[in-house]
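Dear colleague,

I am passing on the structure we spoke about, and my notes follow below it. Please look through the model before you read them.

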There are 2 protein chains.
Amino acid sequence: MEESWKTAHADLLAALSSQEMAGLFRCARRRCVARGAPVFEAGDDAGEIFIVSSGCIKLYQLSPGGKEIILWFAFPGEIFGVAESMRGVPREISAAGKIASEILAIDRKDFVEFLRSHPEAALRAIGILSARIRTLGSSLVELSADDVETRLVRLLLRFSAGSLRPPCSASRRPGEVCMNLDLTRTDMASLVGATRQTVTTMLVRLQRDGIVRAVGRHLHLPEPARLTLMCDRGVG
Amino acid sequence: MEESWKTAHADLLAALSSQEMAGLFRCARRRCVARGAPVFEAGDDAGEIFIVSSGCIKLYQLSPGGKEIILWFAFPGEIFGVAESMRGVPREISAAGKIASEILAIDRKDFVEFLRSHPEAALRAIGILSARIRTLGSSLVELSADDVETRLVRLLLRFSAGSLRPPCSASRRPGEVCMNLDLTRTDMASLVGATRQTVTTMLVRLQRDGIVRAVGRHLHLPEPARLTLMCDRGVG
DNA sequence: GAGCGGGTGTCGGCTGGCCGACACCTATGT
DNA sequence: ACATAGGTGTCGGCCAGCCGACACCCGCTC
């Protein structure tokens, strides 16, 4: 019954029979990715697409100035590396393991052939890409309209809401949600388009106000509803 | 021979036989959109997807604070309104005519059926969405890494490079490109994530430096190469 | 246990770009 | 001819957030 670890991006395989899935996986190569190790980098040939089987992959892009901007994380079940691959252009973004991970690599031509012969899967893929477009679009809007605090709060909500992983075992008060993907402040800064220092300061303030609670190495949100409220105020 | 008016987003129909295209268009309703008139708005039911047949449609999103952020423009041949429609959720963005336009509306279920029965078209659609993902991703990176001037220059290049429309008839010096989609300063500001005033100031400076040239109501870029250079400097 | 590297908290100075305000200039319709 | 509306140029005040710098803390390896 606990299906909620899946994200909106993840359901490519859901519509397939186990037989079809096996067909796709037959041409997949299993690959290990160490923490911090690159899967691909900007400029590489985009000959493969990937599926995360365990761990977490960081997708990021370097600005011309060398600053690293994290676009999103790919969790187990999600596909990544699709955009450039399906257009036949070199990689524009980079991917690396956030933690030690295991992924499946599939040749572009195999994947294309698979989509061609499985229209349902192609429609799924369209749905996944659509979701990603909306995520990016909204990030864009946030970035140019909200201040850092709001963006940060939204980030916290996003990464706890879906409960991408099982919640931590630490004591939780009723209603409290757990953000157990432990991001460094630098990661958060890079996700939110701010500096490490600013993020630190904001988080300290949020803790002081009882809006977030530090539990061991990660964070809890005692009153998610209050945070949601914080984000939506704007016009009034 | 002059095919270059098409954009990367536009080639959904390219792979189809004229017969297949006719099949798709049979279930399309032709619709006129006045300048400034809405096609759909955030919150609406996303029951249709659209194809621009003439004119130009502005796709934008309102921030909670009411600020309008332009995500992109859809030009003749391009499809829009796909993302929400393919996921079965209400519209999150809004669309309105930038100028008087004509569009085709297709019911979601007809479009899905079409994709299901035309795998090539589905693959095309995936390519189009992929391109859009990359565009949005890059905008995100720019927005959080570059200053307003750089972003503005990049915008000018983007909208002149593809020569989305035939160049203007005014005299052009050799090598000079024409940006004949006349955006207001406010539009540019909203595309670039800045205020109208800042954009104005920047543009005046760029004109003073001979980097852009005002021709009647729109702009020319005498030395596009120099602009490209401006954007790429960063690390060095 | 010394040394080191990566993550964190904090401070002050500086500034890009936001905000509000105002004057001007062209269309457009009446 | 006038009015109204939308687009443009410019100014000064102001502040959120950037930048550089430094001190601390923890876990790691040699």
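In this predicted model, helix H7 (196–208) of chain A and helix H7 (196–208) of chain B each supply at least two residues of the surface near DNA strand D, and the largest share of that surface, four residues, comes from H7(B). Sorted by class, the surface near DNA strand D has four nonpolar, seven polar and three charged residues.

Of the 14 residues around DNA strand D, those that come nearest are Val148(A), Thr195(A) and Thr198(A) from one chain, together with Arg185(B) and Arg196(B) from the other. Among the atoms of DNA strand D that come within 4 Å of the protein, sugar and phosphate account for 60%.

Arg196(B), by contrast, has a side-chain N or O atom that is 2.7 Å from a base nitrogen of DNA strand D.

Turning to another helix, H8 of chain A (residues 224–232) has Pro224(A), Leu227(A), Met230(A) and Cys231(A) as its buried residues. Seen down the axis of H8(A), these buried residues fall within an arc of 110 degrees, and they therefore line one face of the helix. The face turned away from this buried side of H8(A) carries the exposed residues Ala225(A), Leu229(A) and Asp232(A).

With best regards

Definitions and conventions
Residues are numbered from 1 along each chain as its sequence is written. Chains are lettered from A and ligands numbered from 1 in the order in which they are written. This is a predicted model: local features need pLDDT of at least 70, side-chain atom pairs count only at pLDDT 80 or more; totals for chains, interfaces and linings use all residues. Side-chain values use heavy atoms; hydrogens and water are left out. Buried means under 20% relative accessible area, exposed over 50%, partly exposed in between (1.4 Å probe, protein chains only). The arc is that of the directions from the helix axis to the C-beta atoms. A residue is near a molecule or strand if one of its heavy atoms lies within 4 Å of it. A polar contact is a pair of N or O atoms within 3.5 Å; within protein, one must be able to donate a hydrogen and the other to accept it, and residues adjacent in sequence count only if both atoms are side-chain atoms. Ala, Val, Leu, Ile, Met, Phe, Trp, Tyr, Cys and Pro count as nonpolar, Asp, Glu, Lys and Arg as charged, and the others, Gly among them, as polar.
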